[in-house]
Amino acid sequence: MPLKAVILIGGPQKGTRFRPLSFEVPKPLFPVAGVPMVQHHIEACAKVPGMKEILLMGFYQPNEALSRFLVSAQQEFKVPIRYLQEYAALGTGGGIYHFRDQILSGGAEAFFVLNADVCSEFPLQEMLEFRQQHGDMHSFVILGTTANRTQALNYGCIVANADTQEVQHYVEKPSTFVSEIINCGIYLFTPAIFQHIGEVFQRNQQELALEESSNGWQRAEVIRLEQDVFTALAGSGKLYVYKTDGFWSQIKSAGSAIYASRLYLNQYSKSHPERLAQNKPGGPVIRGNVYIHPTASIDSTAVLGPNVSIGEGVTVGAGVRVRESIVLHGASLHDHTCVLNTIVGWDSTIGRWARVEGTPSDPNPNDPYAKIDSETLFRDGRLTPSITILGMSLLYGSTLALLTWAASPPPAKPFVFSPQAAVSPFLLRLLFSTPLSFLTRS
């Protein structure tokens, strides 16, 4: 059966909770477990038999990094991959409706839609088999998972028939408890979905015609699958939910990227054991799952892991300890530094004997259905305890200790941390009370 996949990558106005990291690279290209975030999606789609084309859809301006990634991914996974640029943010349904002719070209009988800011095992083949066993060939499938009662309110909630798994009721981010089954942002559609999206578009046009001062065409095209389409399809016998027991998490904030990296590194033991570093004579000490780029230089006395990703061209000195962290391209960790629960930015340097530590933002380990909370960096004017983020080209001085920081230098020159600043009472107040705009680019 001819298939296609659409990956919704958003645009620069989205992903603000991912700052300052999204200042330097489009969020979908941020490395998670050693490869760009969206590459995990592409790899999963490419493995599905009958996959004819993968379309990335968003409103980023085409750029060299994105073009280079698409060429590389197409060569690696042997499937055509294209980027379709929306003229504006059209919503999760408006974008695929706008490009419906591109999606249906080549006679695709079904297509997947995946949000780029989720990590998952991506049970796409299982969703196809589920659809064959439930409903008919024109039915649609949502991937669902179980959340606890409190956190379910932060997601789209699904009430389904216990026997058939038909979706009977759907509410996006309800104010009161509806269901523990939540929407994972991964869907399987047939071309018939465009009839339902088209009905929403027509309704939007009719409503806008009654408003004298409206930007009709653009606003009519802004369509949300979750609120505008799924809510109406629930109870019609055309929408089903496939509940997965595999891992799943959103990647909304920078802190959630470290958790997502852990989930993917755990999966590598089965899917890509060659990507995981091993303890070898003369090599660094590896504890748990660790990814090291082949071009990185790691001293044999360093201790890495668990859940560590070392990027291209990184230098790690003698006696360095890294745990629960992502170290990005070109960074340098000088001798005897300690890096915990931190993202070290591109080309940043951490001096000798320095300690950089964040606060983990993992889900409750005692609750099997707990999800990660995507907290903002600041709440009520104070810093929310979270991981430490060092942006691009930061110079972090020797013998410093830094906790829960988010910093990115101005474009013209690197931002330098000095030893004198470490003992400054002003810096201590700065760490816990300064607005984000002071620490990041405006």
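Ala331 is buried, with a relative accessible area of 1%; buried here means under 20% relative accessible area, exposed means over 50%, and partly exposed lies in between (1.4 Å probe, protein chains only). The structure is a predicted model, in which local features need pLDDT of at least 70 and side-chain atom pairs count only at pLDDT 80 or more, while totals for chains, interfaces and linings use all residues. Residues are numbered from 1 along each chain as its sequence is written, and side-chain values use heavy atoms, with hydrogens and water left out.

The place of Ala331 is in the loop between strand E21 (325-327) and strand E22 (332-333). Helices (H or I, at least four residues) and strands (E, at least two) are DSSP runs, numbered from the N terminus. Contact means heavy atoms within 4.5 Å. Apart from neighbours within four places in sequence, Ala331 touches Gly313, Val314, Thr315, Val344, Gly345, Asp347 and Ser348 in this sense. Val316 is 15 residues from Ala331 along the chain, and the C-alpha atoms of the two are separated by 8.5 Å.

Thr384 is located between strand E28 (382-383) and strand E29 (388-390). In sequence, Thr384 and Thr359 are 25 residues apart; in space, the distance from C-alpha to C-alpha is 9.4 Å.

For the protein as a whole, 12 helices and 33 strands are found. Of its 442 residues, 53% count as buried. Among contacts between residues at least 6 apart in sequence, 60% join residues at least 24 apart. The accessible surface comes to about 19300 Å², and 51% of this area belongs to carbon and sulfur atoms. Accessible areas come from the Shrake-Rupley method with a 1.4 Å probe; for residues, only the protein chains shown count as cover.

The interior was examined next in terms of nonpolar cores. A nonpolar core is a set of buried Ala, Val, Leu, Ile, Met, Phe, Trp, Tyr and Cys residues joined through side-chain atoms within 4.5 Å. The largest such core has 73 residues, and Phe30, Ile54, Phe112 and Leu124 are those with the most contacts inside it. Helix H9 (residues 254-271) supplies the largest share of this core, nine residues. Apart from this core lies another, of 34 residues, among them Val6, Phe140, Ile197 and Ala234. When neighbours within four places in sequence are left aside, Leu124 is in contact with Ala44, Cys45, Val48, Phe112, Leu114 and Ile186.

Helix H9 has 18 residues and reaches 25 Å from its first C-alpha to its last. This is close to the expected 26 Å at 1.5 Å a residue, where the expected span is 1.5 Å times one less than the number of residues. The buried residues of H9 include Ala254, Ile258, Leu263, Leu265 and Tyr268. Helix H3 (residues 91-98) is mostly covered, with six of its eight residues buried. Those of H3 are Thr92, Gly93, Gly94, Gly95, Ile96 and Tyr97.

Strand E4 (residues 51-58) is largely enclosed by the rest of the structure, because seven of its eight residues are buried. Two strands pair if DSSP finds at least two bridges between them. Strand E1 (residues 3-10) pairs with E4 in the parallel sense over seven bridges, and Ala5 has Ile54 in E4 as its bridge partner. E4 also pairs in the parallel sense with strand E5 (residues 81-85), over five bridges. Within E5, Tyr83 stands opposite Leu56, and Gln85 is the bridge partner of Gly58. From E4 the chain crosses through helix H2 (residues 64-77) to E5, in a right-handed β-α-β crossover. A crossover is right-handed if, with the strands pointing away from the viewer, the path from the first strand over the helix to the second runs clockwise.

Lys78, in the loop between H2 and E5, has a positive phi of about 55 degrees although it is not a glycine. At 69% relative accessibility, Lys78 counts as exposed. Glu324, in the loop between strand E20 (321-323) and E21, has a positive phi of about 50 degrees and is likewise not a glycine. Glu324, however, counts as buried, at 14% relative accessibility. The peptide bond from Gly305 to Pro306 is cis, with omega near 0 degrees. Pro306 is found in the loop between strand E17 (303-304) and strand E18 (308-310).
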